[in-house]
Amino acid sequence: MRSDSLQIIAAFVGAGAIALGLVSLLVILTLAFSRVTVIEEKISRPGTSAPEHRKIWGSDPLGRLMRSSYVFTFLVLRSVPSSRLNRSAAKIGDISTQLPVRLTLWAMLPPMLLYGCFAVLLIAGLFL
């Protein structure tokens, strides 16, 4: 394959990654945030940082993104079979809380899609 055609393909892939990442970001800030607040309420207990993050960041767009990131981090850390990472998740919230799968997917899939699009964009940028 010629270098020019590879660059054109990389440019289209990068543009698609940007568009899909922006859609994912909008989903995180609008539709998924109501589910994130439900998860925050369920995992909050005294002595954890989830209630503090709610007070600090609020509900503006940056605050929604940060709170969604904390919930995503909590869900990832508690799912990894490592006692050290589980202790880190326990600082954020209650790791023994049972969450419905649909609720968990609303907090996991949009950020994973956003991070995946960012990785694709970085890789596509190597070919430009």
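Contact, in these notes, means heavy atoms within 4.5 Å. The model I'm looking at is a predicted one.

**Entry: F33**

I started with F33, which sits in helix 2. Leaving out residues up to four places away in sequence, I listed what F33 touches: V27, I28, S59, R64, R67 and S68. Is F33 buried or exposed? I looked up its relative accessible area and got 6%. Buried means under 20%, so F33 counts as buried.

I also checked F33 against D60. Along the sequence, 27 residues separate F33 and D60. In space, I get 11 Å from C-alpha to C-alpha for that pair.

**Entry: the cavity**

How many cavities of 30 Å³ or more does the whole structure hold? My search turned up 1. For the volume of the largest cavity, I noted about 40 Å³.

Then I wrote down which residues line the largest cavity: E40, I43, A50, H53, R67, Y70, V71 and I92.

What does the lining look like by class? I noted 5 nonpolar residues, 1 polar and 2 charged.

**Entry: helices around the cavity**

Which helices each give at least two residues to the lining? I found helix 2 (31-43), helix 3 (50-57) and helix 4 (61-79). Helix 4 supplies the largest share, with 3 residues. Helix 2, on this list of lining helices, is also where I found F33.

Note on methods:
Residues numbered from 1 in each chain as written. Predicted model: local features only at pLDDT ≥ 70, side-chain atom pairs only at ≥ 80, totals over all residues. Heavy atoms only, no water. 1 Å grid on protein atoms, 1.4 Å probe; cavity = no way out; pocket = protein on both sides within 12 Å on 5 of 7 lines; lining within 4 Å. Points joined across faces, edges and corners; volume = space filled by probe spheres on them. Helix = DSSP H or I, 4+ residues; strand = E, 2+ residues; numbered from the N terminus. Nonpolar A, V, L, I, M, F, W, Y, C, P; charged D, E, K, R; others polar. Buried < 20%, exposed > 50% of the residue type's maximum accessible area, 1.4 Å probe, protein only.
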